[in-house]
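Subject: Structure handover and notes

Hi there,

Here is the structure I promised to pass on.

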Amino acid sequence: MEQVKSAIKTVTESISDLAVKKDEKKVEQNKSAPTKKTVPAGTSVSKQKGSKQISIRGIPMLENVQAVKKTFNRHLHFTVVKDRDVATERDYYSSLAYTVRDHLIGRWIRTHQHHFETDGKRVYYLSMEFYMGRTLSNCMINLGIENDVDEALYEMGLNIEELEELEMDAALGNGGLGRLAACFLDSMATLGLPSYGYGLRYDYGIFTQKIEDGSQMEYPDDWLRYGNPWEISRPEFLVPVQFYGKVVEENGKKKWTETEIIQAMPFDTPIPGFNNNVVNTLRLWSAKAPGKFNFQLFNAGDYIRAVAEQSLTENITRVLYPNDNFDEGKILRLKQEYFLVSASLQDILRRYKHSKAYSNTSKPVDFTRFPEKAAVQLNDTHPALSVAELMRLLIDEEDLTWDQAFDITKKTIAYTNHTLLPEALERWPIDMFQKLLPRHLEIITEINLHHLDLVRQKWPGDEERLKRMSVVEDEHKVVNMGYLSIVGSHAINGVAKLHSDLLKATLFKDFYELNPEKFQNKTNGITPRRWMLLCNPDLSDVIASKIGESWITNLSQLSQLRNYVNDEQFVRDVQRVKLENKQRLVDMFKTEYGVNVNPTSMFDVQIKRIHEYKRQLLNCLHVITLYNRIKDNPSKETVPRTVIFGGKAAPGYLTAKLIIKLICNVGRTINNDPAIGDRLKVIFLENYRVSLAEKIIPAIDLSEQISLAGLEASGTGNMKMMLNGALTIGTLDGANVEMDEEVGRDNIFIFGMTVEDVDALRKKGYKSKEFYEREPELKRALDQIRDGLFSPEDPNLFADIIKHLLEWNDHYMLLADYAEYVKAQERVDQLYKNPTEWTKKCILNIAASGKFSSDRTIAEYAKEIWGVTPSDKKLPSPEEGRPGMKDEGEKIEPTQPHKNITERENDSRKRLFMWIFGYGSIVWKPDFRFINRIEGHLKGVIRRFWQLSEDHRGVPGQPGRVVTLIATGNQADCVYGAAYEISNEDEASVRHVLDVREKDGYTIVETVFYPNSSAEQERACYTYMAQSNNPFWGGDAPLDQIAQQIARAHGPSGSNREYLFKLADAIRIITPVPDEHLFTLDQLVKDIIAKDEQLNSKKL
């Protein structure tokens, strides 16, 4: 390992020397630039620069660094359209994002090609949430280019960490459900599974949380404010989604008519696997109005209604989780769920019908084989309508019988349950269903009848069981979406062993007894790429120095760390990394919260969604108890603690918001009490999100997982903290049970009632006031809350919390677990006093976390539910032969927009043909031989008369003006023209003709051409573009001035006006939209000519 670090130092020092010789000024600026990393003695030069290079990811190579710099500058110029003199930090971030995205594109296309050619079974993961966080760092880690990019930015005087901080978190989720989905996508790509994620592209996240005077305030989470460089819009795959209407019967067949249609526009995000050249797709749907803007209303003066019609239509994907306390919110939520389901299943069926088996044949599509080619996984009950929608599509659209459709549906769909709370299963009112989705209510009713027949066959005469198991609950007039998911699936799984057992014993007991073969367990996991390699690079280095790097894709290899638990140097290295991570947080707490924190204090952390069952309130009661103990015995030695909370409460969940207020007020009291000093601090993290978790988790000493036993399905935050060396204090709930089994009871702090204890106490009759009277410290803390110690400005502020705990009998049994929780915390204090023993237990926790990799979880899904096989095969890199070709080694480079062709001379000769795009005189006068001509457009550019011509349409001293392309970076900007197919044998002669024709300032570049005809596919092509630094650049000018110049100029190829008129006439035939610049100049020049003719006629 030391040799590797020495090599990094040598190479980076030599690169730095080169940079100094090239640009002393940049280096001097960078020396004075602030960095975010604390640098201990002995670290490598790369880390002294304030970067976060990871030594196990390799040495920055000089040629790679230069390529990154070149691509970065190209994007800054052509995509962002800025130069270094005026570019902002956000412009630099955008250029960096596009640079990294370029590395994904070829692999992305190659992955799609590979999946098409192999035509295997594909996995489709449907989720209402994908809590992706930031993309930039994750992509660089998985592509293995982080160190090259880091070095390149350093040489340009930029700080990679500062640019990374500018990226907005993708606000497509709220808690564990969405974060799990993101981990699963990473693992599916890393395991080489042909898979797609399907979700919604929310314009706004759940909300941005601000803590104002200790209270949660919600503000719009406008995560798309600055655009999203990672997504690609796919309007060619737009699909209609229907709502409302009625069902009629025609010729014995049901038909859903008079529906309201909303278009679903897909946006694709690349999901790279780790170091395997696989890039899968997350496809997110955005709601778009079905038709054009209502100009009749607009022109009639009803402006608001004209705009509102379109706006209301697109509200479906406006915000994550609308407030469903009202009917309007419930309807919108149901609309969101169906919108996701319908758009995704239509897309899945389209892909199946256009798969390799049917793409080149006229044979009819065989849907009985659909389950052999598609596995649809429902992430909780939100996409449960997949059952009814797939049935509808197969019966109504594809003309299958009911029995055929139901058999296909059950074999295709599987369901993951994430909760034991009955209210979270979703039960939608029948009347709402009848209004919004009448055809689906019919299908669900028929599915329910079929299901109840099976129940009667197994339990004849058991009417009570029939009532309990009915999907349509007649008594409450609702549809139970959890039950629908079970009936319509071939597999149902929980997400931790305890959770799965409880599902079978309680919530879904009847269904388990009916079909026990359906039920499985798949314990959740997390991706070690983001939650160790990315967020804790220093710990990753320390681990790799002992056991190598294979743990990155095989987390069970961490078990080897048990061999080093008594290695003194390794223990010290782990301690050092933890302290450095904590010091970074200390700086943040001082800057952002104004709280001075002791970095050697125990960082005691509970970060998760704020909910009563997660029992942040129990933690708060312990904090008050610690405060009282210090106040009572100020001279007694105590273990210093910094207690950190983080999480959001649902806007309508008033009790959870009141708990946040209490925590903040308790923190205000403690943090400002001089008698407490740095022995106890309380911090509530504002706006907890993925990017903040990546900073917090590596610094945690104690992980709080204290939900009431039997309520937490699994939890994944507990796994992330364990992996990063935190010890856990928790109940035997969710995945804590398996963590306890893996690490051993001596290395985890388990307390409280078990599931059986909870059930027994409830049956006996739980009385919270008995515990209140029995525990003096508990009584004192509750009395202080009740009497206003923490809210002197309003002593009754927390009265409802006291009512919940005492008068309403403490539903989540905090008071029953309080005494054992305090005792467990005392054991924590005793261990923390011995730093070496504490660190050894941290190492044992890291070593035991191998089971909790999402790679393991996905491998189990693949084998036992989806029927697909993971692959450790690395796909060919983009420059290697296309899959399916005989010569896999033939070099075919991916399309890279605006890449200079001189870099590709040798490779271009190996192709059979090339395409040239014309947007000027070539449109009407291609004076070269070509095979084919196709009309179409380029994206992200505009056509402008900004290039001077002294060789064709003007002369020296009186140049004309001709068109060039100007890159805008806006994909809505298009330039229409014609593309010409040139054979390989004609390429040299055509290039010679065009090089002469465009010699004054034009450079040939490569881009992507989009044909007008839907029968043609987009393709790579070349075109000529004038660069702004060429000697014949005329640049922008008032249009009337340009028009005067064109009207007067004349050159060897003819008049400048002829060029303009012929181009305008040719483009009018091609373009579906007006070319404002071209057509305005056309009219202005014609007006000038008309005026000249009038003047001449007067003179005559």
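A residue is called buried when its relative accessible area is under 20%, exposed when it is over 50%, and partly exposed in between (1.4 Å probe, protein chains only). Asp399 is exposed, since its relative accessible area is 57%. This residue sits in the loop between H15 and helix H16 (402-412), and Asp399 has a positive phi of about 60° although it is not a glycine. Helices (H or I, at least four residues) and strands (E, at least two) are DSSP runs, numbered from the N terminus.

Before going further, please note that this is a predicted model, in which local features need pLDDT of at least 70 and side-chain atom pairs count only at pLDDT 80 or more, while totals for chains, interfaces and linings use all residues. Residues are numbered from 1 along each chain as its sequence is written, and side-chain values use heavy atoms, with hydrogens and water left out.

The overall picture

The protein chain comes to 42 helices and 33 strands. Of its 1100 residues, 59% count as buried. Taking contacts (heavy atoms within 4.5 Å) with a separation of 6 or more, 77% are between residues 24 or more positions apart.

H15 and H18

Helix H15 (residues 386-397) packs against helix H18 (residues 438-458) at an angle of about 100°, and their axes are 9 Å apart. Axes here are lines fitted to C-alpha atoms, for helices over the stretch in contact, and angles run from 0 to 180 degrees between N-to-C directions. Angles under 35 degrees count as roughly parallel, over 145 as roughly antiparallel, 65 to 115 as roughly perpendicular and the rest as oblique. H15 and H18 are therefore roughly perpendicular to each other. Among the residues making this contact are Met391 and Ile395 of H15 and Ile443 and Ile447 of H18. By class, the contact of H15 with H18 has seven nonpolar, one polar and four charged residues; Ala, Val, Leu, Ile, Met, Phe, Trp, Tyr, Cys and Pro count as nonpolar, Asp, Glu, Lys and Arg as charged, and the others, Gly among them, as polar.

Leu806 lies in helix H34 (residues 799-807) and is buried, with a relative accessible area of 11%. Leu806 and Ser768 are 38 residues apart in sequence, yet 5.9 Å apart in space, C-alpha to C-alpha. Met813, in the loop between H34 and H35, is buried at 0% relative accessibility. Its phi is near 55°, a positive value in a residue other than glycine.

Helix H35 (residues 814-832) bends by about 30° at Glu820, where the bend is the angle between axes fitted to the seven residues ending there and the seven starting there. The axes of H35 and H36 come within 7 Å and cross at roughly 110°. In this contact, Val828, Leu831 and Tyr832 in H35 meet Pro835, Glu837, Trp838 and Lys841 in H36.

H36 also meets H25: the axes of helix H25 (residues 568-593) and helix H36 (residues 835-847) come within 10 Å and cross at roughly 90°. Phe570, Val571, Val574 and Gln575 in H25 meet Pro835, Thr836, Thr839, Lys840 and Ile843 in H36. The buried residues of H36 include Trp838, Thr839 and Ile843.

Best wishes
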